[in-house]
Amino acid sequence: MGDMANNSVAYSGVKNSLKEANHDGDFGITLAELRALMELRSTDALRKIQESYGDVYGICTKLKTSPNEGLSGNPADLERREAVFGKNFIPPKKPKTFLQLVWEALQDVTLIILEIAAIVSLGLSFYQPPEGDNAPKAQDGAAMEMQPLKSEEGGDGDEKDKKKANLPKKEKSVLQGKLTKLAVQIGKAGLLMSAITVIILVLYFVIDTFWVQKRPWLAECTPIYIQYFVKFFIIGVTVLVVAVPEGLPLAVTISLAYSVKKMMKDNNLVRHLDACETMGNATAICSDKTGTLTMNRMTVVQAYINEKHYKKVPEPEAIPPNILSYLVTGISVNCAYTSKILPPEKEGGLPRHVGNKTECALLGLLLDLKRDYQDVRNEIPEEALYKVYTFNSVRKSMSTVLKNSDGSYRIFSKGASEIILKKCFKILSANGEAKVFRPRDRDDIVKTVIEPMASEGLRTICLAFRDFPAGEPEPEWDNENDIVTGLTCIAVVGIEDPVRPEVPDAIKKCQRAGITVRMVTGDNINTARAIATKCGILHPGEDFLCLEGKDFNRRIRNEKGEIEQERIDKIWPKLRVLARSSPTDKHTLVKGIIDSTVSDQRQVVAVTGDGTNDGPALKKADVGFAMGIAGTDVAKEASDIILTDDNFTSIVKAVMWGRNVYDSISKFLQFQLTVNVVAVIVAFTGACITQDSPLKAVQMLWVNLIMDTLASLALATEPPTESLLLRKPYGRNKPLISRTMMKNILGHAFYQLVVVFTLLFAGEKFFDIDSGRNAPLHAPPSEHYTIVFNTFVLMQLFNEINARKIHGERNVFEGIFNNAIFCTIVLGTFVVQIIIVQFGGKPFSCSELSIEQWLWSIFLGMGTLLWGQLISTIPTSRLKFLKEAGHGTQKEEIPEEELAEDVEEIDHAERELRRGQILWFRGLNRIQTQMDVVNAFQSGSSIQGALRRQPSIASQHHDVTNISTPTHVVFSSSTASTTVGYSSGECIS
């Protein structure tokens with residue numbers, strides 16, 4: 001110990017000394033000069049600093065600060081600095097005003113149609129026909145409430161909006177493309193149905209009035225005829241609105257928001273919302289080794305010192321004193337001073353490793369050798385270090401220069417064993433003396449020491465030093481290659497980083513789920529291969545590739561040194577381990593896999609990274625995972641998800657949640673499209689046959705509430721299960737609505753339509769009650785139509801249970817009690833339905849039902865569960881006529897500007913603010929809608945049509961560039977639609 005202390009005292013630093021800056025007077029550098037300096041890079045910046053300020057310490061002097069102590073913290077000094085240099089604060093982008101958002105929302109094509117209908121109807125409401133026998137009986141008219149965001153079926157309007165927005169965003173989300181296509185398909189179908197409805201109603205009216213009844217066209221009746229045509233037009237638009245799955249964006253938002261909140265408990269901090277569902281489609285994961293697959297608690301377990309290979313750390317007495325002195329001093333000063341080993345937080349616990357884990361392992365070796373590194377650091381403080389060559393991923397070494405008191409210099413180096421050993425010309429022998437180290441000796445050590453260590457999964461580090469005598473000229477310190485050569489090897493140590501016990505099982509789950517796991521590490525290839533085998537990435541006897549970074553680059557580049565995609569395509573499918581790799585190699589691999597076309601579908605790649613240089617790879621990947629503990633701020637900023645525990649198993653949980661989001665959207669679509677199909681056909685046939693809808697406006701409002709908000713909340717909050725990992729990724733081309741789902745939708749729609757039409761046209765005979773069809777204008781609510789409404793709602797309620805399974809599973813009740821939200825919503829909806837039917841009265845167009853009628857309604861509702869079992873027995877493969885819907889967006893269909901690498905990303909804070917505004921306004925609009933309708937009925941009105949239009953953007957969850965806030969447009973008129981009756985029958989009977 002005494003030798004070590006004496007040795008360490010001999011060093012004196014002169015390069016980093018700096019006198020305390022004088023903080024009086026003005027600053028010697030302006031804000032403009034600092035800004036100009038920051039714009040320079042590499043040697044230009046260094047030259048500018050040397051020409052203008054001498055060195056970094058010259059800048060510190062002019063700024064009146066200390067490179068070691070920082071600012072003084074004096075409030076007056078800080079205030080003066082803020083006045084001169086400004087605040088260290090990035091101002092947020094100015095958000096659009098509410099009126100701007102409203103105006104953008106009003107550009108929707110479907111909304112424009114509704115606005116025109118509202119204006120025409122409003123104008124006609126001011127027309128008063130002549131008094132007398134021809135005076136029509138006024139009927140309370142239409143209340144319309146529209147809540148658009150950006151309607152995907154808006155077609156041309158959306159295209160114009162996209163061209164206006166100069167914020168292109170790279171297409172990343174698989175779900176976004178599928179939802180966009182599905183919305184367009186549904187919009188076209190709804191438009192066709194609405195057009196047919198209008199045509200049939202107009203033709204029926206014209207033929208019945210002017211041909212069958214042979215009524216003449218009277219000029220004074222023209223406004224009334226126009227009112228009828230407007231009414232038919234509004235009914236057609238109603239069919240269009242009913243056809244669109246209004247709750248889809250809400251389901252997407254709820255599912256993603258719920259998943260993000262729950263993922264936080266699983267150690268996944270989601271920064272970009274779309275990354276959540278993208279992860280569900282991941283086909284490849286490129287993972288770091290240290291800390292992710294391993295525990296990142298490194299320990300020196302083997303060592304090659306004084307020509308002996310110790311299988312465990314030797315006793316200090318076994319090491320010659322001078323070798324021990326070199327070892328202690330070299331490790332103490334050539335590890336970052338921020339790397340420390342602190343006492344355990346709890347008694348009996350393990351010491352805490354702070355800083356670089358590899359360096360902590362070396363410091364731990366000194367403690368095992370009963371030496372204290374802190375004593376050396378106290379003798380040689382960080383300011384006394386003459387020159388430090390920090391570690392970088394290219395040279396894979398770190399070196400520190402000390403100046404001795406006699407004017408000589410000594411450099412200590414540590415790094416990857418095979419790299420440092422090539423620079424060693426001498427080695428310390430068993431007696432502590434340096435002897436010649438020939439290439440043959442180096443090969444022997446590689447074969448007998450390094451390779452056996454690496455085969456056991458150990459990371460090998462070589463420690464070396466070099467002396468520069470005092471009599472020679474001072475070396476050119478900037479030429480690192482000439483400095484770090486001619487070294488003398490002190491020791492080679494083997495560092496173990498145990499594989500996390502849960503990782504092999506997690507990787508097995510990934511492989512079973514169709515996800516290929518690749519290890520990308522800076523370690524020796526033998527170490528990497530050993531760890532990969534322990535993890536389960538490699539299996540004995542399988543034909544997979546393990547390459548080093550140099551070999552990888554040699555294989556993928558042509559004679560000119562350019563990377564060729566064809567060459568990468570020959571390597572990546574079989575590549576499982578990339579060792580001795582740099583961050584550039586990782587980016588090249590990720591880009592090569594993503595750009596590859598050798599597989600049927602484009603690969604969806606997730607990447608982990610913790611260093612600043614990993615930023616490009618994290619950005620390029622479909623989903624970038626940054627390490628929350630070991631990761632730098634740059635890596636976290638470039639990532640999509642931050643792993644708060646740096647554990648690979650958290651990535652597997654992210655895959656589960658991502659797939660769960662996808663399935664939740666599919667469940668909701670299966671449920672709502674069933675309701676939509678039934679509602680469209682009922683509205684169509686009701687309008688065409690009875691000229692009236694069996695379901696009244698406020699009843700449709702309640703049905704929409706069930707199938708929209710409540711169903712979104714119930715089906716989008718299903719927790720994930722392990723079964724999600726038993727199937728392959730859906731991929732970009734698989735449709736949202738599979739043939740099995742289409743079978744369920746059409747099958748359940750058929751059952752519900754049969755029940756509804758049977759009750760509608762024969763229900764009064766079955767229940768022995770008065771018919772509700774063709775009832776007088778102000779007749780009280782009928783039991784007949786109340787039974788139709790009640791049965792329809794209960795069928796939706798029980799079908800919500802069916803919708804929990806989308807892959808043809810028979811047990812729809814499996815895991816139902818694991819979702820308390822689902823159970824609460826179903827039971828709550830049933831209770832509210834009882835209250836509406838029994839006590840709703842005229843406002844809800846309901847009449848009290850008897851126990852027998854309730855039991856029949858429940859029986860018919862429960863029939864959907866039995867019918868579902870029947871549907872599941874029919875093999876989907878037999879139903880060749882079934883089509884899929886909602887295919888993914890093909891690469892060629894994405895605008896070129898969206899595929900640009902350097903696209904401008906929308907500000908995350910602004911996006912979150914807008915998303916918050918959307919949810920806020922949506923909530924206000926829903927409450928306002930219900931209040932308007934209830935108030936209208938309480939005032940004695942009978943609204944003929946209430947059209948509620950929910951925002952129908954399919955990609956709201958994604959990082960969209962022109963997102964808009966919903967607006968609330970309400971039109972209510974007491975005479976908007978008129979049913980006319982004449983005693984004399986001059987116009988219309």
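Leaving aside its neighbours within four places in sequence, which residues is S397 in contact with? The structure is a predicted model, in which local features need pLDDT of at least 70 and side-chain atom pairs count only at pLDDT 80 or more, while totals for chains, interfaces and linings use all residues. Residues are numbered from 1 along each chain as its sequence is written, and side-chain values use heavy atoms, with hydrogens and water left out.

S397 is in contact, where contact means heavy atoms within 4.5 Å, with Y389, T390, F391, N392, K414, G415 and I420, once its neighbours within four places in sequence are set aside. The residue belongs to strand β9, which covers residues 397-403; strands (E, at least two residues) and helices (H or I, at least four residues) are DSSP runs numbered from the N terminus. S397 counts as buried because its relative accessibility is 1%, where buried means under 20% relative accessible area, exposed over 50%, and partly exposed in between, with a 1.4 Å probe and protein chains only.

One of the contacts of S397, K414, also takes part in a salt bridge with E359, at 3.1 Å from N to O. A salt bridge is a side-chain nitrogen of Lys or Arg within 4 Å of a carboxyl oxygen of Asp or Glu. This pair links distant parts of the chain, with E359 in helix α14 (residues 357-368) and K414 in strand β10 (residues 409-416), 55 residues apart. Both E359 and K414 are buried.

By this rule the count comes to 29 salt bridges. Another of them joins E722 and K509, whose closest N and O atoms are 3.4 Å apart. E722 lies in the loop between α27 (697-715) and α28, whereas K509 lies in helix α19 (residues 503-512), so the pair ties together parts that are 213 residues apart in sequence. E722 is partly exposed at 41% relative accessibility, while K509 is buried at 18%.

The salt bridge between D595 and K591 has its closest N and O atoms 2.9 Å apart. D595 and K591 are separated by about one helical turn, because they are four residues apart in helix α23 (residues 583-595). D595 is partly exposed, with a relative accessible area of 24%, and K591 is partly exposed at 35%. Elsewhere, D77, R80 and R81 are linked in a network of salt bridges.

L203 lies in helix α9, which covers residues 174-212, and is partly exposed, with a relative accessible area of 46%.
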